Structure formats: C-alpha cells, structure tokens
Amino acid sequence: MAVYKIALLPGDGIGPEVTGEAVRVLGEIERRYADLTFALESFDAGAERFMRTGVAMPEETFRHCRQADAMLMGAVGLPEARHPDGREVNGDVIFRLRFDLDLYAGVRPVKLYKGVPSPLRDVSGGIDYVIVRENVEGLYASRTGGCNVRGEVATDTIIMTRTGIQKVSHFAFRLAQKRFGKGRPLDGKSMVTCVDKANVLSSYAFFRSVYDEVASMYPRVDRDYAYVDAMTLYQVMQPHHYDVVVAENMFADIISDLASATVGGLGMAPSGDIGDRHGLFQPSHGTAPSLAGRGVANPLATILSAGMMLDWLGERHGDERLTDAAVRIEQAVMKVLEEGVAATSDIGGASRTSDVGDAVVRCLQELTVR
Ligand code: ATP
C-alpha cells in the first residue's frame, strides 16, 4: 500500500473552492488505482488567518509542509491583509515555502487546449511550452531587504548566483529532454530559450553565460535566446516557436501572466514550485476576491496542478501509477473542454465550479485504468 502525505493549503478567496474540486479529483484517482492512498491534511494558512491571529503561517504548519510528500495550495492573500509597512501577507506563506524549502524551479506549462477561447486560437501547430522560472533569486530575493533612504531614494538588489542559475538551467534542460518526441509545436524541435536582458545589465549577462555553460552539457537540446521585451512580442506573434523557456524570477513572473492570457487566462494556468526534495503545486492565479464565495471560479488550473503533483511524485518515487494518473487527469480535462461538457464563464461557459469538478470526475471514471 503506497500512502502519499499531501499538505493541503486551501488559503483565501477562491482558494478553498478550487482546491475542493482538485481534492475530489484526487479521491477519484484513489478509487481507480488499487493500494493507492493520499493522506490529505488541510492547514489554515493565509490572509484570513493573519487577520484573525496576526500570523499567516504558523511554524507548526511549515513543519508539516516540510514533512509532507507534496503540497497542494489554492491561493493566499487578500488586498486588505497587510503588514504595517504595506506589504501583502501572501509572501509570508508562498515566499517562506519557496525560499526555505528551496523550491528553485517555478514550472508553468502554457498549453492551449481545444475548446478554450483564445485570441491566438489560429496559430498553426498550437501553443504548448513550459516556462521555468528561477524562483528563489533574482530581483524578488531583495524582498524586505530593499532600502528606502528618507523617502527620497529607494533601491532593491538583484541576486544572481552561479549555483542558482546552474540549478534552474539544468532543470529546464532536463525538462526539454523529458519532452523529447514532442518539442516545440512549430517543428518538434527540442529547445530551451533563455530570456534575459543581457544587453543591458551584467547580472543578466551572467545569467546567460551560466545558461550557456549548462547548455553545452545537453547537445541534443537546441539553445535559443530572447530579450525579455522582445519575448512578450514573440509570445503573441509566434508562441509555437517555444518548447521550454527559462528566466530570472521577476521576468518569468511577468511573461507567465502574459502567457496565461494566450491560453484562456489565469483559470487555465497550473504551476509547480519544485526543488530537489520538495514540491508545491498551485494554480497560477491569485485569490480573485471578486469571485470568492460565488461558486463560479474555474477549478481547472488547480486540477491540472494536482495532475502535475502526481507526475512529480510518480517520477520521484518511481510509482508508475501516479505518472499514469497524471496523464488521465489531463486527458479528462481535455475531454471536458473539447466536448464542451462544462466550462466556467472565464472560458466562455456558464457552468459552476462544482459542475466542472463533476465533469472531470465523470470523464476520469470513463477512462480505463490499465
Ligand atoms: P495576486 O496578486 O494574488 O496574484 P491578482 O488580483 O493579481 O492576485 P487574481 O486573483 O489571480 O489576480 O485574479 C485576477 C483576475 O483573473 C480575477 O479578477 C478574475 O477575473 C480572473 N481569475 C483569476 N483566477 C480565476 C479563476 N480560477 N477562475 C476565473 N477567473 C479567474
């Protein structure tokens, strides 16, 4: 009997609604595979907890997260929950986990599924690439360490280390190898694109030079480069050009949101924050307070994130059932979208959050288990 300990962090706003549907999908996976159990334990962390108690994430919860096999999160943060200096409290949870558990690779698949409206629907070959965000260095590493001199001058410092760039670059090239046989939609070429601003800042030139050193160890994967400003144009004009993209923390944050707009919006954008020992999976969206409590949020980004979690766990533990289950979850989501079984309003439908969860569970039931 394989038991996987999953720390569940539903969080704030629409977080609990979308994680609720992902949990139902995991329950269906348990039923479909013999001797497979997900020991889910839910923890109260986030902005509401902060407003109630003054602490967004207690140490005890952090310990449980560290000890779990994987973490599944909804979203944390509310605009009104702030520290006295004005910072939002979501960083107390998400940055704490990313930095202290060294979740150095932020993995954001960008995939346009059939049935999802997109201004780029007619791009030949479709859109299917993955952004790998350096998650623990870059400009955001300056968080709380910036300097404001008497309200006249403010600075933040970008942090780039050889080790950090090596780690995230290796991750991106290994991911490109995993995608052998698929590659970029344009022509199947296997490629890692380095996105930076190497023409202006020495920190980004350093990022590129370390990327190059790592690239030389993967001769079967092509190198590619784009300056971040041009990249935003290419993501719209020629998204089928990309296979795997690697970038510094803040740049990748920005190009990820743009990318999600090309594939149906934030409700369709899953993610994983992955390190060598820990993995945290969550939709790319935030807590969308205007949708909270109405049962209308799109749960697919969270359901797809749960699928990514199983794929990661499967690889890590050599458990093929989990790898298989991850494929089934994506297939079920694709069936729901392609056949128009259910869709929330952000992707052109009128279904409720739970209708979409129901539809994914039903499709999973129809898919045969090997
Ligand atoms: P954060 O600062 O936490 O990233 P944000 O306010 O910038 O949050 P989101 O909370 O992700 O961004 O939401 C922005 C908008 O995207 C929402 O108002 C909503 O219209 C849309 N959105 C986000 N997630 C979903 C979802 N799951 N389903 C439908 N629409 C969503």
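Author: In the side chain of His285, an N or O atom lies 3.2 Å from a nitrogen atom of the ligand, a polar contact being a pair of N or O atoms within 3.5 Å. An oxygen atom of the ligand is 2.5 Å from a polar backbone atom of Gly286, and a backbone N or O atom of Thr287 is 3.3 Å from an oxygen atom of the ligand. On its own the ligand has 620 Å² of accessible area, of which the protein covers 58%; such areas come from the Shrake-Rupley method with a 1.4 Å probe.

The model is predicted: local features need pLDDT of at least 70, side-chain atom pairs count only at pLDDT 80 or more, and totals for chains, interfaces and linings use all residues. Residues are numbered from 1 along each chain as its sequence is written, and side-chain values use heavy atoms, with hydrogens and water left out.

The residues surrounding the ligand, each with a heavy atom within 4 Å of it, include Ile14, Leu266, Ala288, Asn298 and Asp346. By class this shell has 5 nonpolar, 5 polar and 1 charged residues, where Ala, Val, Leu, Ile, Met, Phe, Trp, Tyr, Cys and Pro count as nonpolar, Asp, Glu, Lys and Arg as charged, and the others, Gly among them, as polar.

On a 1 Å grid over the protein atoms alone, a pocket is an open set of points with protein on both sides within 12 Å along at least five of seven lines, and lining residues have an atom within 4 Å of a point. The second largest pocket holds about 540 Å³ of space, a volume being the space filled by probe spheres set on the grid points, which are joined across faces, edges and corners. Of its 22 lining residues, Asn90, Ile94, Arg98, Ser284 and Gly286 are the closest to its centre. Helix H4 (90–100) supplies the largest share of this lining, 5 residues; helices are DSSP runs of H or I with at least four residues. The lining divides into 7 nonpolar, 9 polar and 6 charged residues. Because domain 1 (1–112 + 277–370) and domain 2 (119–142 + 156–262) both give residues to the lining, the second largest pocket lies between them; the bounds come from an automatic or database domain assignment.

Definitions and conventions:
Polar contact = N/O pair within 3.5 Å; in protein donor to acceptor, adjacent residues only side chain to side chain. 1 Å grid on protein atoms, 1.4 Å probe; cavity = no way out; pocket = protein on both sides within 12 Å on 5 of 7 lines; lining within 4 Å. Helix = DSSP H or I, 4+ residues; strand = E, 2+ residues; numbered from the N terminus.
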